[in-house]
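Biologist: I would like to learn how to read a model like this one. Please take me through it feature by feature.

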Amino acid sequence: MDAPKSVEDVVTVDVHDARKLLIDSGHRYLDVRTNEEFNKSHVDNALNIPYMFITQEGRVKNPEFVAQVSALCDKEDSLVVACNSGGRSLKASVDLLIAGYKNVKNMAGGYSAWVDNGFAQDSAPPEELKTACKFRR
């Protein structure tokens, strides 16, 4: 039986490798930021399934995250998982590995790194596209 999955089991790729995977290898981009963050700006053709919600009580993990991903993605799909800076996507990647997803890669630096490297297609200034990450400890 496989050992429990943890952050050490997650393959993390830099933003340049992630972009190559999306363009050349048919990976899907799974954006785990909140709907508000996603609606501000996102990678073309990205799927948005929030890993956490902001509530009056603070941040709360989406209890339906894996089920929502399963409704749109097969466990054999190749996924690049990203958030704003890499923290939520790392945790989301662990949950997906535990659920049996086999081809999950976490994008280091998140959407902020995507914007910083000039990959965003939006015409707004980069500062307006990025969001301060409310989920960092």
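Biologist: Which helices and strands each supply at least two residues of the lining of the largest pocket?

Modeller: The ground rules come before that. This is a predicted model: local features need pLDDT of at least 70, side-chain atom pairs count only at pLDDT 80 or more, and totals for chains, interfaces and linings use all residues. Residues are numbered from 1 along each chain as its sequence is written, and side-chain values use heavy atoms, with hydrogens and water left out.

Modeller: Now the elements. Helices (H or I, at least four residues) and strands (E, at least two) are DSSP runs, numbered from the N terminus. At least two lining residues of the largest pocket come from each of α1, β2, α2 (35-40) and α5.

Biologist: What counts as a pocket?

Modeller: Rolling a probe the size of a water molecule over the atoms shows where empty space is left. On a 1 Å grid over the protein atoms alone, a cavity is a set of points where a 1.4 Å probe fits but cannot get out. A pocket is an open set with protein on both sides within 12 Å along at least five of seven lines. Lining residues have an atom within 4 Å of a point. Grid points are joined across faces, edges and corners, and the volume is the space filled by probe spheres set on the points. Here the largest pocket holds about 320 Å³.

Biologist: How many residues line the largest pocket, and which lie nearest its centre?

Modeller: The lining has 20 residues, with Leu-22, Val-43, Asp-44, Asn-45 and Trp-114 nearest the centre. Sorted by class, there are nine nonpolar, six polar and five charged residues. Nonpolar covers Ala, Val, Leu, Ile, Met, Phe, Trp, Tyr, Cys and Pro; charged covers Asp, Glu, Lys and Arg; the others, Gly among them, are polar.

Biologist: Is Val-43 buried or exposed?

Modeller: Cut-offs first: buried means under 20% relative accessible area, exposed over 50%, partly exposed in between (1.4 Å probe, protein chains only). Val-43 is buried, at 6%. Its place is the loop between α2 and β3 (47-48). Contact means heavy atoms within 4.5 Å. Beyond its neighbours within four places in sequence, Val-43 is in contact with Tyr-29, Tyr-111 and Trp-114. Val-43 and Tyr-111 are 68 residues apart in sequence, yet 8.1 Å apart C-alpha to C-alpha.

Biologist: What phi does Asn-45 have?

Modeller: Most residues other than glycine have a negative phi. Asn-45 is not a glycine, but its phi is positive, about 65 degrees. Asn-45 also sits in the loop between α2 and β3. Its relative accessibility is 76%, so Asn-45 counts as exposed.

Biologist: Which residues of α1 are buried?

Modeller: Helix α1 spans residues 15-24, and Val-15, Ala-18, Leu-21 and Leu-22 are buried. Seen down the axis, these buried residues fall within an arc of 120 degrees, so they line one face of α1. The arc is that of the directions from the helix axis to the C-beta atoms. The face turned away from the buried side carries the exposed residues Lys-20, Ile-23 and Asp-24.

Biologist: What do the buried residues of α1 pack against?

Modeller: They pack against β1 (11-13), β2 (28-31), β6 (78-82), β7 (103-107) and α5 (110-116).

Biologist: What is found at the ends of α1?

Modeller: Asp-14 caps the N-terminal end, with a side-chain oxygen 3.0 Å from the backbone nitrogen of His-16. Just after α1, Gly-26 takes a positive phi of about 70 degrees.

Biologist: Which side chain makes a polar contact with the side chain of Asn-48?

Modeller: A polar contact is a pair of N or O atoms within 3.5 Å. Within protein, one must be able to donate a hydrogen and the other to accept it; residues adjacent in sequence count only if both atoms are side-chain atoms. Asn-48, in strand β3, makes such a contact with the side chain of Asn-35 (2.9 Å). A polar atom of the Asn-48 side chain also lies 3.0 Å from the backbone oxygen of Arg-33.

Biologist: Where does Lys-61 lie?

Modeller: Lys-61 lies in strand β5 (residues 58-61). It is partly exposed, at 40%. The Lys-61 side chain makes a polar contact with that of Asp-95 (2.7 Å).
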